[in-house]
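These are my notebook entries on a single protein chain. I looked up the domains first, then the sheet, then the packing of helices.

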Amino acid sequence: MTQFEHVSVMPEEVTKYLQPRPGGVYFDGTAGAGGHSKLILEGEPDSRVIAVDRDPAMLEMAAQRLAQFGDRVTLRRASYEDLLDVLDDLNLESCIDGALIDCGPSHDQLAGRTVGQGRGFSMHGGDEPLEMAYDPDQPRTAASLLAELSESELRELFGRTLRGGEVGRVVRTIIRERGLEPIATPERLTRVLTDALRSKGPDTGKRVSAAYAGLRIAVNDELRGLERGIDAAVEALCSGGRILVLSFHGGEHRVARQKLRELEGGPIGPPRLIGGPEREAKVKVLTRSPLHPSDAEVQRNPASRSARLHAAERV
Ligand SMILES: C[S@@+](CC[C@H](N)C(=O)[O-])C[C@H]1O[C@@H](n2cnc3c(N)ncnc32)[C@H](O)[C@@H]1O
């Protein structure tokens, strides 16, 4: 495996809002290449990190990068949704001091740079298998969804990341093409999507990439997972402990904002539905508007452009 130095997103802001403290226990729900965990462990020499990832190949990368911290770091293959079970398994009886969820795929997954073959996360993935599952043992893959979903299910799936007029063209083209030959590699899917979205001219690549994101979100049930993950993290936090979410697209921004507002005792759903029943406040939201990366960071790491940081404190 080649060693890459993954660039973690919004490192200064993550440290500022997480506020690691001596002896603190932190949960990294998306270990990835271990960048944010390393930041916590280096910044606060007495701290401990429990980090999980659904992708064993990413955990291997994290293990290499974090080896220097010895038993201050515990890595587990799990979904952050199962945080409470992970803590139980580790016999950790106390609450945790902070939790971080850094949504979406890592650059290593997108580039097919993890151990073994790439798994079709990127439109440039060539003849990789079109899986897109963070957990490689999960039966549901992008290829299986494209083969099995009905027209209305495909419309709903692509409707999350494509614009109104694009959805119908993409779905019709997929249904026609899957009748001719399975869509089982990025090479074929990119061709099918480019055909459907061609009239977008120079923007076609971005629209194809948005369609890939819609598929990946569905394969991994990412939005429901994020809601559950935030709930679980808030349950596990000590009073004064903080939850941080880094989101990267409209669907994630919305789930993070609404879920934290709901846990603050605010109304469920969009602002116009204000008037719903008041609920017990479990957190205080610290970022009324989510934070953006600085111009300097975007220049250094253009992939950070769409990142938004949401933070809340357990009351
Ligand atoms: C953006 S990367 C994290 C990068 C990491 N923060 C760093 O600085 O190196 C996101 C990681 O989350 C993992 N992931 C996605 N959904 C997950 C879930 N529900 N539970 C655990 N890991 C998940 C992916 O496999 C990926 O490795």
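This is a predicted model: local features need pLDDT of at least 70, side-chain atom pairs count only at pLDDT 80 or more; totals for chains, interfaces and linings use all residues.

**Entry 1: domains.** Into which domains is the protein chain divided? I find domain 1, assigned to 11-108 + 222-314, and domain 2, assigned to 136-219. I looked up the separation of their C-alpha centres and read 30 Å. For the contact between the two, I recorded nine residues from domain 1 and six residues from domain 2.

Entry 2: Seven of them form an open sheet, and I read the order as 3-2-1-4-5-7-6, with mixed pairing. Strand 3 (73-77) and strand 6 (283-285) are the edge strands, each pairing on one side only. From one strand to the next, the twist averages 20 degrees.

Strand 4 (residues 96-102) runs parallel to strand 5 (residues 237-247), and I recorded six bridges for the pair. Which residue of strand 5 is the bridge partner of Gly98? I find Arg242 in that position.

**Entry 3: helices on the sheet.** Helix 1 (residues 11-18) lies across strand 1 (25-28), strand 4, strand 5 and strand 7 (308-314). Its direction makes an angle of about 160 degrees with strand 5. Helix 2 (residues 35-43) lies across strands 1, 2, 3, 4 and 5. Relative to strand 2 (48-53), I read about 175 degrees for helix 2.

**Entry 4: helix 7 with helix 8.** I turned to the helix pairs. Two packed helices are described by the angle between their axes and the distance between the axes. For helix 7 (residues 151-159) and helix 8 (residues 164-180), the axes come within 9 Å and cross at roughly 130 degrees. Helix 7 is therefore oblique to helix 8. I recorded the crossing as right-handed. From helix 7, the contact is made by Glu151, Leu154, Arg155, Phe158 and Gly159. Helix 8 contributes Val167, Gly168, Val170, Val171, Arg172, Ile174, Ile175 and Arg178. By class, I find seven nonpolar, two polar and four charged residues in this contact.

**Entry 5: helix 8 with helix 9.** How far apart are the axes of helix 8 and helix 9 (residues 186-197), and at what angle do they pack? I read 9 Å and about 135 degrees. These two helices are therefore oblique to each other, and their crossing is right-handed. On the helix 8 side I listed Glu166, Arg169, Val170, Thr173, Ile174, Arg176, Glu177 and Arg178. They meet Arg188, Val192, Leu193, Asp195, Ala196 and Leu197 of helix 9. The residues of this contact divide into six nonpolar, one polar and seven charged. I note that Val170, Ile174 and Arg178 of helix 8 are listed both in the contact with helix 7 and in the contact with helix 9.

Methods: Residues are numbered from 1 along each chain as its sequence is written. Side-chain values use heavy atoms; hydrogens and water are left out. Axes are lines fitted to C-alpha atoms, for helices over the stretch in contact, and angles run from 0 to 180 degrees between N-to-C directions. Helices (H or I, at least four residues) and strands (E, at least two) are DSSP runs, numbered from the N terminus. Angles under 35 degrees count as roughly parallel, over 145 as roughly antiparallel, 65 to 115 as roughly perpendicular and the rest as oblique. A crossing is left-handed if the near helix is turned anticlockwise from the far one by less than a right angle, and right-handed if clockwise. Contact means heavy atoms within 4.5 Å. Ala, Val, Leu, Ile, Met, Phe, Trp, Tyr, Cys and Pro count as nonpolar, Asp, Glu, Lys and Arg as charged, and the others, Gly among them, as polar. Two strands pair if DSSP finds at least two bridges between them. Domain bounds come from an automatic or database domain assignment.
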